Amino acid sequence: MTRITVTVDGVPYSDEVEPRMLLVHYLREVVGKVGTVVGCDTSNCGACTVHLDGHSVKSCNMLAVQADGREVTTIEGLATGGELHPMQAAFHENHALQCGYCTPGMIMQAVDLLQHNPNPSEDEIRQGMEGNLCRCTGYHNIVKAVAAAAGSMSSERSDA
Amino acid sequence: MTAVDDRPQAAPEIGNARRRKEDQRLVTGRTKWTDNIQLPGMLHLAMVRSPFAHAKIGAIETSEAKAVPGVMAVYTSADIADIQGVCITAWPVTADQKTPDHLPMPGDRVAHAGEIVAVVVARSAAVARDAAELVDVDYEELPAVLDLKAATTDEVLAHPGLETNKSAFWQLDSKGGGTGGDIEEAIAKAREGGIVIEREYRQQRLIPAFMEPRSTVVDPTGEQVVMWSATQIPHVLRFCIAATTGLPESKIRVIAPDVGGGFGGKLQSTPEEFITLAVARKLGKPIKYTETRSETMVSAHHGRDQWQKLTLAAEKDGTVTGLKVDLICDLGAYAAIVGGGVPVLGAWMFNSIYKFDAYQFNCTNYYTNKTWVDAYRGAGRPEATYAIERMMDELAAEVGVDPLEIREKNWIRHDEFPFTTVAGMTYDSGNYEAATEKAKELFGYDELRAEQKRRRDEKDPVQLGIGVSTFTEMCGLAPSRVLGSLNYGAGGWESASIRMLATGTVEVITGASAHGQGHETAWSQIVADRLGVPFESVEVLHGDTQIAPKGMDTYGSRSLVVGGEALVLAADKVIEKAKPFAAHMLEASVDDLEFSQGRFTVKGTDKGVGITDIALGAFAGHDYPEGVEPSIDADATYDPVNFSFPHGTHLCAMEVDTETGQSTMRKYVCVDDIGNIINPLIVEGQVHGGLVQGIAQALWEGAEYDEQGTLVSGSFVDYTLPTSADTISFVTDHTTSPATSNTLGTKGVGEAGTIASTPAVVNAVVDALRPFGVDDVLMPCTPERVWKAIQSGGGTQDAETTSAQQAHFDEGTPNQDPAAGTTDGVVQ
Ligand code: FES
Ligand code: FES
């Protein structure tokens, strides 16, 4: 067992974990962040995507011990002050989810995408979301939602 | 009670693109997936699965696994023999269907790779999995039948005890059934002076690949055993458990909490569910089993898998006269819950929207030593639509006319509805002309045809192909009597209850069980309009046999057209029950009352009372009319009178690089007629998702096995689901021919996109390649296959480029067909 200290959604945690434990299992089973889900065992689906120190990672693709001393944001920590994050709102507004299983990962990935490229073209959105699988929506509305969020987030920025 | 209603007229909810109620939870991660459930004292399972496709099970050595700290037990078949139940098939398609026993955990023989032979119970899933590795099973390998065509010869038997691989033969014949002429006569006549087109098409095996792996939690600690499961069918599952495990139905509660997609793939009662239940009963502890993705791929049922032999007879001018269909279908190792019935659902659909005089559908189902096959989005109807839409393109090519022209010549005209088809189905409404006109316009059909001609003339290495699919489907399963006549083991009704709560909100209970379709929103819209209550006041409850005791669940695009009608019936009963209360409160006669916008008013006066006020009055019970019960709640069960028949015109433009075989989608337009639309936003979403699943069959997906019977496309690395980068944005629109068989005028939409899009895409690819002499490409139309088709079709390329181009087809290329380079990869 190894002791790790990780901040998850703004709260510090200190836990003993098995060295082989995946970050996603630490989040779900130890911290209780079950909003983050597992969709595959080959790091292909992106359902488990969270932010590590502000950047998206597939949390099934790293060990919990690798998160020691770092900061994790999950889908549960994205909304602030009871207000949906603009990306969450855009997913809702554009019907970018059906069953919702891919949604936490999609939203976390999309937020990261816009951090790197605030005004992506459709093609850039499609390329940037490529590592996240969705079986329900056919991606059409997900792409629309990300574009809409880019619009609203950049207008927020220009307002500021 | 207000005397005057001065509220503005509320806009109708039906037709409104309401944002979904269920989203708030889902976008914030406040979800209840089965795997999220934690109960005190809960233990976890890992399954020991056979690596062999067909083998006798010998000794199973469990002592090493049992010795691992944290392992509570290891069970084999004998340990749970009396309580494990049976995976049953609900639809033996004929009285003499051969059906092998399907135990959740067989004790003597496994019939496909991935079958469970032992289960490890431990304190954590990780410990259980580690210990499962230590269970040592002796297998005696048996010869396995892995190819559908080989199965028909009976040389190797999937189940030696059955003495044949054939499960059943099912026929629909228009002459025999009195719905049309003699198919052999029609073909003979066409052979003389008309056109006969004979083709064989392959419907490859697909994997539903819902995003949430299946998971089951069973808590046996209460009076009722509670099962949470990632299922589309909690009610059917409860029935199956009661019917086969010895637990009384009243002692079982099944809950489908949030379910992460299904597409037919969670329309099953699974070995994993039965085993989890058996272990929970044995140990008296809550038990959880969540599968890995690799387990999903190999053990959750697959879809499609047919060879289709088709003979189409027509007159010289392209007027169709007859269609003969001979299917062989792979059921995999067992008859699943719908099982052999899936291909049979195609029987009424191969003739589609066309006016054939004679028709015959022959379907023979076989067992092989592969994963079982059952419903996958469309179930039987995509297979049929693919075949007929491909054949209509072949006919157009033969006659030398535009594919739309040949369709128009043969389809049912809008003034011919209702129309009874050669398969005996009565289509209530539709307008193929209108949908096609609109689709052509949105697509820019004539311009794209002109561009195609230009590219052909210029011998552009990138050719343009235009694919057409004018599909229909039957959905809304199903009138119970029809199901009865087909030997199906259940009815097709749906139920609903409406509880008018004292404080003005309304609880709606539906027997349909949503897993992404947005029932909570759409049902709220229907009830809000019907009862005149705010959308926000309606709460929709489902997916729990204790809350919604009666239901037939969600599949076959049935929820709205069947479940929605049950809601209407229940709402109308509420209004009817509220009437005497209103009359009593308004001191009027029931005959003088009118109900509109949630209020009863007395005709010709300004006196009125709201239905929610009546609910409060009934709750208080202080003052209500004689002879009625103090409640206006109502239950209803609706049995549909007919199927519904959505249709649409789908147009697809594909650019095919004839030098590399790479095809790229340029444009996709669909105009669907699904009758009246409750929520256009949800409908669009269903169409988009369906389209991509159908397109994926055409271009990317296929479950492939090696000669040992191992599923080689057994993970998301090898089973190539489309990504956002593979797909495009679509143009979707609608025409509206309301269904006449239900009050809301709706038709189903859940499967339409999947059914229509596969042939549209393949037709486009083939259309691009026709100048090269190509008339078919096997699905999925990988670059490899397209390129080979061009070569063997007598393409115009010079031979020197060949070796250079082959370099494109290396192993690492995404979406590469695993069968590349084998004979499977060549064009028929
Ligand atoms: S769970 Fe699939 S990528 Fe992490
Ligand atoms: S919404 Fe169901 S997988 Fe994306």
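Author: B:Tyr624 is partly exposed, with a relative accessible area of 28% (buried means under 20%, exposed over 50%, partly exposed in between, for a 1.4 Å probe and protein chains only). B:Phe581, by contrast, is buried, its relative accessible area being 3%. The model is predicted: local features need pLDDT of at least 70 and side-chain atom pairs pLDDT 80 or more, while totals for chains, interfaces and linings use all residues. Residues are numbered from 1 along each chain as written, chains are lettered from A and ligands numbered from 1 in written order, and side-chain values use heavy atoms without hydrogens or water.

Over all chains there are 14 aromatic pairs (rings of Phe, Tyr and Trp, the latter by its six-membered ring, with centres within 6.5 Å; planes under 30 degrees apart are stacked, over 60 edge-to-face, the rest tilted). In one of these, B:Phe52 and B:Tyr139 have ring centres 5.2 Å apart and planes at 70°, so the arrangement is edge-to-face. B:Phe52 belongs to the loop between strand S1 (43-49) and strand S2 (55-61) of chain B, whereas B:Tyr139 lies in strand S6 (residues 136-141) of chain B, so the pair ties together parts 87 residues apart in sequence (helices, H or I of at least four residues, and strands, E of at least two, are DSSP runs numbered from the N terminus). B:Phe52 is partly exposed at 26% relative accessible area, and B:Tyr139 is partly exposed at 22%.

The rings of B:Phe581 and B:Tyr624 have centres 6.3 Å apart and planes at 20°, so this pair is stacked. Elsewhere, ring pairs join B:Trp170, B:Trp348, B:Phe350 and B:Phe361 into a cluster.

Strand S20 (residues 506-510) of chain B pairs with S21(B) in the parallel sense over four bridges (pairing requires at least two DSSP bridges). Within S21(B), B:Val540 is the bridge partner of B:Val508.

In chain A, five strands form an open sheet of mixed pairing, in the order S2-S1-S5-S3-S4. Strand S2 (11-17) and strand S4 (55-58) of chain A stand at the edges with a single partner strand each, so one side of each has no neighbour in the sheet. Strand S1 (residues 2-8) of chain A and S2(A) pair in the antiparallel sense over seven bridges, and A:Val8 stands opposite A:Val11 in S2(A).

A:Ser14 has its place in strand S2 of chain A and is partly exposed, with a relative accessible area of 39%. Its C-alpha atom is separated by 5.6 Å from that of A:Ile4, ten residues apart along the chain. Leaving aside residues up to four places away in sequence, A:Ser14 touches A:Arg3, A:Ile4 and A:Thr5 (contact means heavy atoms within 4.5 Å).
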